[in-house]
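Student: I am new to this structure. Please take me through the terms used to describe it, one at a time.

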Amino acid sequence: MTLKIGFIGTGGIAKFHINNLAKIKDVQVSALCDVQVERAQAEAQQWPDAKAYANVNDMLDDRNLDAVYICVPPMVHGEAEKAVIERGLPFLVEKPLGIDHKQPDDILKLVEANKLITSVGYHWRYQEGVQRALSMLTERKAGMALGYWMGGMPMVPWWRLQEGSGGQFVEQTTHIADLLRYLCGEVKEVYASYGKRVMHEKVKGTTVADVGTVTLTLHNGMVATISNTCMSPVGHKVGLDIYTEQGVLEITGSGLKEISPGRTFDYHDSKNPYLSEDEAFIQAVQTGDPSSILSDYRDALKTHKVTLAANESAESGKPVSLKELSRI
């Protein structure tokens, strides 16, 4: 049976998923919704019998869909998810889950009350290098980690507004916070310091911080720092370095480097992790078995809470405890 898939939001990240779905057997993109309806129309033309919509409820009521992708900016999460949940549809939603606690908390309750299959776009988890690192760490003791997202500012208007994106740590560096959780364990406490150095003067209306460092203490005793900047004119370093008693594991977007006494091995990813993420979600919808999904809504909410706690700490100047994660 061919699965009929709908999209809410057809911007850049949606195109990654749409292109991947074209490579997966028995999948049809059937409906696309965007406030810029002409953008949805352009994507609909690439699929037979696909239709474009400007209204989410119109799309969901008009088309008999099997699953939905939600690819909207952070500040507008909530209504789309609730509309999809109301129809009992599985969904993949792009990170971050929002810019606050309330909407995602409410959505998780609805997801679990309706026992829906969900996936969240933490595609780094699907990298072959990350899976290799996860296996290696079962035989090593990690002591600390250093994470980075050092580059420039995406020039979409909502991204540079704190009330639009939640800031760089919530919208972008969340991938590195998620890797830390996935590979090393749950976070106990965070302390963050942010600053505005360049971009608020360079780009009119910018309200997000353009530099920041977050110190994290994990329940297992590990310590970590994750730093980010969006003021650089060049992309620099994005990834997570994990320090163990046997050496260093350096994870980047292209793979894994293992540095041990007297030797260094590079493991390059051979497969697109976005495609692996989409294949896992489609397989789960087809079979009803979500075990291949590496980040569902409940797990992703924990990462979201870590990033929001960093924002809270940066604003208050005090450490923030994450005891509540044990209850999620």
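Student: How do the residues lining the largest pocket divide by class?

Tutor: There are 23 nonpolar, eleven polar and seven charged residues in that lining. Nonpolar covers Ala, Val, Leu, Ile, Met, Phe, Trp, Tyr, Cys and Pro, charged covers Asp, Glu, Lys and Arg, and polar covers the others, Gly among them. The model is predicted, so local features need pLDDT of at least 70 and side-chain atom pairs pLDDT 80 or more, while totals for chains, interfaces and linings use all residues. Residues are numbered from 1 along each chain as its sequence is written, and side-chain values use heavy atoms, with hydrogens and water left out.

Student: What makes a space a pocket, and a residue part of its lining?

Tutor: On a 1 Å grid over the protein atoms alone, a pocket is an open set of points with protein on both sides within 12 Å along at least five of seven lines; a lining residue has an atom within 4 Å of a point.

Student: What is the volume of the second largest pocket?

Tutor: About 320 Å³. Of its 21 lining residues, Gln162, Gly166, Tyr194, Asn311 and Glu312 are the closest to the centre. H12 gives the most, with five residues.

Student: Why is the pair of Tyr69 and Phe281 called edge-to-face?

Tutor: Rings of Phe, Tyr and Trp (its six-membered ring) pair if their centres lie within 6.5 Å; planes under 30 degrees apart are stacked, over 60 edge-to-face, the rest tilted. Tyr69 and Phe281 have ring centres 5.5 Å apart and planes at 90 degrees, so the pair is edge-to-face. Tyr69 is in strand S4 and Phe281 in helix H11, so the pair ties together parts 212 residues apart in sequence.

Student: Are Tyr69 and Phe281 buried or exposed?

Tutor: Both are buried, where buried means under 20% relative accessible area, exposed over 50% and partly exposed in between (1.4 Å probe, protein chains only).

Student: What makes Phe265 partly exposed?

Tutor: Its relative accessible area is 36%.

Conventions. On a 1 Å grid over the protein atoms alone, a cavity is a set of points where a 1.4 Å probe fits but cannot get out, and a pocket is an open set with protein on both sides within 12 Å along at least five of seven lines; lining residues have an atom within 4 Å of a point. Grid points are joined across faces, edges and corners, and a volume is the space filled by probe spheres set on the points. Helices (H or I, at least four residues) and strands (E, at least two) are DSSP runs, numbered from the N terminus.
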